[in-house]
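Colleague: I am new to this structure and would like a close look at one part of it, the inside. Could you walk me through what is hidden there and what lies around it?

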Amino acid sequence: MCVMQTLIKECLNGVPPEVEAIARDEGLSPRQAARAVTRGRITVAANPRRPHRLCAVGEGCSVKVNVNIGTSAERCDPDLEIEKAKVALANGADTLMDLSTGGDLPAIRKRILELDAPLGTVPIYEAVRRAGSAADVTADLLFKVIREHCQQGVDFLTLHCGVNLDAFADLKADPRIMGVVSRGGAFHVAMMAATGEENPLYKEYDYLLEILEESDVVVSLGDGMRPGCIYDAERLAKATEYITLGRLSRRALSAGVQRFIEGPGHMPIDEIGYNVKMIKEVCDGAPLYLLGPLVTDIAPGYDHVVGAIGGAVAAMHGADFLCMVSPSEHLALPDIDDIAEGTRVARVSAHAGDIVRLGEGASSAPDLKMAQARRRINWEEQFEAAMFGDLARKVHARDGDLDTCSMCGDLCAIKMVREALEGDEEKKD
């Protein structure tokens with residue numbers, strides 16, 4: 001057994017090189033960053049078995065973006081998934097998650113692990129594939145798969161430890177339209193329904209933490225009871241899971257295991273701030289990881305925009321980590337164009353949140369640069385300041401090389417007022 005000193009324990013004795021590096025990237029002092037890691041306010045998912053670029057998530061850090069990729073039984077093309085991963089990283093993804101359920105899962109994961117980014121997985125998916133059905137998954141098999149993912153070099157694992165018998169009872173006591181939409185959450189519900197026994201990840205949580213501590217792998221405490229439509233947002237099972245995750249979060253930190261908390265999926269926009277603050281409070285400020293939230297259910301094909309709206313509001317209120325929602329969400333396995341577009345929109349959402357949560361400074365500097373470039377009608381400076389300058393240049397070039405944009409043309413307000421002000425100054429002279 002390879003026992004490693006976890007990052008939390010290293011930070012108790014000083015400032016390790018990884019924390020020096022992320023402090024530099026995030027504009028924090030090294031000691032400040034190390035203290036935040038020991039308090040569980042910053043998480044750095046970096047399995048020591050595999051070198052890759054670092055990514056800090058949490059207090060004082062910019063909002064990060066994760067992108068899910070992975071095969072399915074219906075579309076199993078590992079080469080395509082690798083291309084999608086590369087496109088995600090090229091368009092601003094900070095981390096990747098392999099959600100593969102079709103094909104040779106360890107081999108697919110091995111290829112993704114060769115990329116220069118932190119990687120997360122959901123081990124219950126592979127356990128169900130090996131067992132044949134969720135009802136046939138045993139605790140031994142599940143823990144075996146978890147250990148294999150850790151030893152292979154995976155950096156963070158989504159584990160639905162809060163989907164326990166209490167949450168299951170409240171799901172039945174306060175029924176929801178959509179039931180359980182988390183695939184991992186549904187697997188655990190199926191296991192408990194078949195056996196009548198407690199979720200092994202909850203029942204044997206201390207053993208789980210021992211496995212994670214051995215490899216310094218982050219536990220992403222999954223939101224298996226997240227609402228699957230806005231009308232389920234106030235149902236009981238979600239709140240029950242929140243409270244359970246708070247207890248589990250504290251136990252992980254005490255064991256020296258870093259953690260994320262995963263948050264709600266669908267909810268009205270006015271409930272986002274309350275839910276973010278509630279999760280943060282019950283989980284002692286642990287970094288919060290969200291899919292969306294999606295603020296309406298009637299825009300399939302545009303759910304990447306719906307998720308970005310919710311993500312910006314969530315980030316403004318303290319969410320730390322946004323999971324990209326693709327245009328094909330609820331419809332199909334994403335293709336390369338879906339990944340590129342979804343990643344870009346999520347990146348915009350994260351930046352909008354940063355402007356509020358980080359205040360004036362580095363987070364708003366690009367916006368100031370863009371405002372100054374637009375005032376001067378300097379297109380090259382605008383393209384340089386743009387988050388996606390390639391697209392901006394392409395759109396502007398559609399109507400030729402113009403001094404202004406083709407919408408206003410000779411009636412450009414900026415040009416008109418600038419010339420008027422310049423003329424007024426000349427008269428004063």
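Modeller: Happy to! Let us begin with burial: a residue is called buried under 20% relative accessible area, exposed over 50%, and partly exposed in between, using a 1.4 Å probe and protein chains only. The model is a predicted one, so local features need pLDDT of at least 70 and side-chain atom pairs count only at pLDDT 80 or more, while totals for chains, interfaces and linings use all residues. Residues are numbered from 1 along each chain as its sequence is written, and side-chain values use heavy atoms, with hydrogens and water left out.

Helices (H or I, at least four residues) and strands (E, at least two) are DSSP runs numbered from the N terminus, and two strands pair if DSSP finds at least two bridges between them. Eight strands form a closed barrel with parallel pairing, in the order E3-E4-E5-E6-E7-E8-E9-E10. On average, neighbouring strands of this sheet are turned by 25° against each other, direction ignored; the axes here are lines fitted to C-alpha atoms, for helices over the stretch in contact, and angles run from 0 to 180 degrees between N-to-C directions. As background, strands of a sheet pair through backbone hydrogen bonds, either parallel or antiparallel.

Strand E3 (residues 64-69) runs parallel to E4, and four bridges join the two; Asn68 has Met97 in E4 as its bridge partner. Further along, strand E6 (residues 156-159) pairs with strand E7 (residues 218-221), again in the parallel sense and over four bridges. There, Phe156 stands opposite Val218 in E7.

In a regular strand, side chains alternate between the two faces of the sheet. Strand E4 (residues 95-98) has both faces covered: Thr95 and Met97 are buried on one side, and Leu96 and Asp98 are buried on the other.

Now for the nonpolar interior. A nonpolar core is a set of buried Ala, Val, Leu, Ile, Met, Phe, Trp, Tyr and Cys residues joined through side-chain atoms within 4.5 Å. The largest one has 63 residues, and Ile124, Ile146, Leu159, Leu208 and Leu212 have the most contacts inside it. Helix H7 gives the most to this core, with six residues. Apart from it lies another core of 22 residues, among them Val67, Ile82, Ile108 and Ala350.

Contact means heavy atoms within 4.5 Å. Not counting residues up to four places away in sequence, Leu159 touches Pro123, Ile146, Leu201, Leu208, Leu212, Val219, Ser220, Leu221 and Gly222.

Leu208 and Leu212 bring us to helix H11 (residues 205-215), where Tyr205, Leu208, Leu209, Ile211, Leu212, Glu214 and Ser215 are buried. These buried residues pack against helix H7 (139-152), E6, helix H10 (200-203), E7 and helix H12 (236-254). Just after H11, Asp216 takes a positive phi of about 50°. Asp216 is also one of the residues touched by Thr6, together with Glu213 and Gly256, leaving out residues up to four places away in sequence. Thr6 lies in the segment before helix H1 (7-12) and counts as buried because its relative accessibility is 1%.

Ala167, Phe168, Asp170 and Leu171 are buried, and seen down the helix axis they fall within an arc of 165°, so they line one face of H8. That arc is the one spanned by the directions from the helix axis to the C-beta atoms. Helix H9 (183-195) and H12 are included in what covers these buried residues. The face turned away from the buried side carries the exposed residues Asp166, Lys172 and Ala173.

Finally, the cysteines. A disulfide is a pair of cysteine sulfur atoms within 2.5 Å, and a search of the whole structure finds zero of them. Cys161 counts as buried because its relative accessibility is 0%; the closest cysteine sulfur, in Cys150, is 12 Å from its own, too far for a bond. Cys76, by contrast, is partly exposed, with a relative accessible area of 38%. Ala107, in helix H5 (residues 105-112), is partly exposed as well, at 34%.
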